[in-house]
Amino acid sequence: MNALVTMAAEVPENPLIPPIPELVIGLIAFFIVFGILAKKLLPNINKVLDERRKLIEGRMEEAESLQAEAQQVLADYRAQLADARHEAARLRQEAQEQGATLIAEMRTEGQRQREEIIAAGHAQIEADRKAAAQALRRDVGTLAVELSGKIVGESLEDVSRQSRTVDRFLDELEAASDATKAEAGR
């Protein structure tokens, strides 16, 4: 036996290869721990992973539905904005047309009022001219009668005679004035 022990002492042992009994015990312990982990821990891990997967899928579906809803809201908003722009353009056009109509009406009314003022002014001028002509006729008649009375040396107090004399004198003056205007117009 000594020879075996010496021989065994001479064969060097490989430190990487464990002895067989330790290897068998290690493998049995590994399979026991692996079995316990597979029976107890692995279902819990799978359950947590399934719950997370379902939660993530639910959130993704919710996000997709929210995104679709946001797209719909955006499309509705854009449609409302386009409608509002069209309505604003229509109102602006309508306001411009009403403004143009109002301006035309105001111009027409202003033109009518101007014509009325001008007509009233002409009528007033004509009335003033006639009043001035009558006043001038009276004054000229009075002066002519006084002057003729001084020249003739008699009093010309007869009103009808005075009136006829003054009218005849003024008619002659108007005829002479009209003839002068007609010759100047030629």
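Author: Start with the whole chain. Buried means under 20% relative accessible area, exposed means over 50%, and partly exposed lies in between (1.4 Å probe, protein chains only). The model is predicted, so local features need pLDDT of at least 70 and side-chain atom pairs count only at pLDDT 80 or more, while totals for chains, interfaces and linings use all residues. Residues are numbered from 1 along each chain as its sequence is written, and side-chain values use heavy atoms, with hydrogens and water left out.

The accessible surface of the protein chain is about 16,700 Å². Carbon and sulfur atoms hold 62% of that surface. Such areas come from the Shrake-Rupley method with a 1.4 Å probe; for residues, only the protein chains shown count as cover.

Now the fold. The protein chain has three helices and zero strands. Its pattern along the sequence is α-α-α. Helices (H or I, at least four residues) and strands (E, at least two) are DSSP runs, numbered from the N terminus.

Take the rings. The structure holds two aromatic pairs. F30 and F31 make an edge-to-face pair, because their ring centres are 5.7 Å apart and their planes stand at 65 degrees. F30 and F34 form a stacked pair, with 6.1 Å from centre to centre and 20 degrees between the planes. Here are the cut-offs: rings of Phe, Tyr and Trp (its six-membered ring) pair if their centres lie within 6.5 Å; planes under 30 degrees apart are stacked, over 60 edge-to-face, and the rest tilted. F30 and F34 sit four residues apart in helix α2, so about one helical turn separates them. Together, ring pairs link F30, F31 and F34 into a cluster. F31 counts as exposed, because its relative accessibility is 54%.

Next comes a nonpolar surface patch. V33, L37, L41, L42, I45 and L49 make it, and it covers about 500 Å². Patch residues have over 30% relative accessible area and no salt bridge; like charges are joined within 9 Å, nonpolar side chains (Val, Leu, Ile, Met, Phe, Trp, Tyr) within 5 Å. The relative accessible area of L49 is 47%, so L49 is partly exposed.

Then the charges. The count comes to eight salt bridges. The rule asks for a side-chain nitrogen of Lys or Arg within 4 Å of a carboxyl oxygen of Asp or Glu. One of them joins R53 and D50, at 3.3 Å from N to O. R53 and D50 are three residues apart in helix α2, so about one helical turn lies between them. R53 is partly exposed at 42% relative accessibility, and D50 is partly exposed at 36%. A salt-bridge network links D50, R53 and E57.

Further along, look at R90. Its side chain meets that of E87 in a salt bridge of 2.3 Å, N to O. E87 and R90 both lie in helix α2, three residues apart, about one turn. R90 also meets E94 in a salt bridge, with N to O at 3.0 Å. R90 and E94 are four residues apart in helix α2, again about one turn of the helix. What of their exposure? R90 is partly exposed at 40% relative accessible area. E87 is partly exposed at 36%, and E94 is partly exposed at 33%.

Last, the largest pocket. Its volume is about 200 Å³. R129, A133, L136, R137, V140, L170 and E174 line it. Helix α2 gives the most to this lining, with five residues. Helices α2 and α3 (159-185) each supply at least two lining residues. How is a pocket found? On a 1 Å grid over the protein atoms alone, a pocket is an open set of points where a 1.4 Å probe fits, with protein on both sides within 12 Å along at least five of seven lines; lining residues have an atom within 4 Å of a point. Points are joined across faces, edges and corners, and the volume is the space filled by probe spheres set on them.
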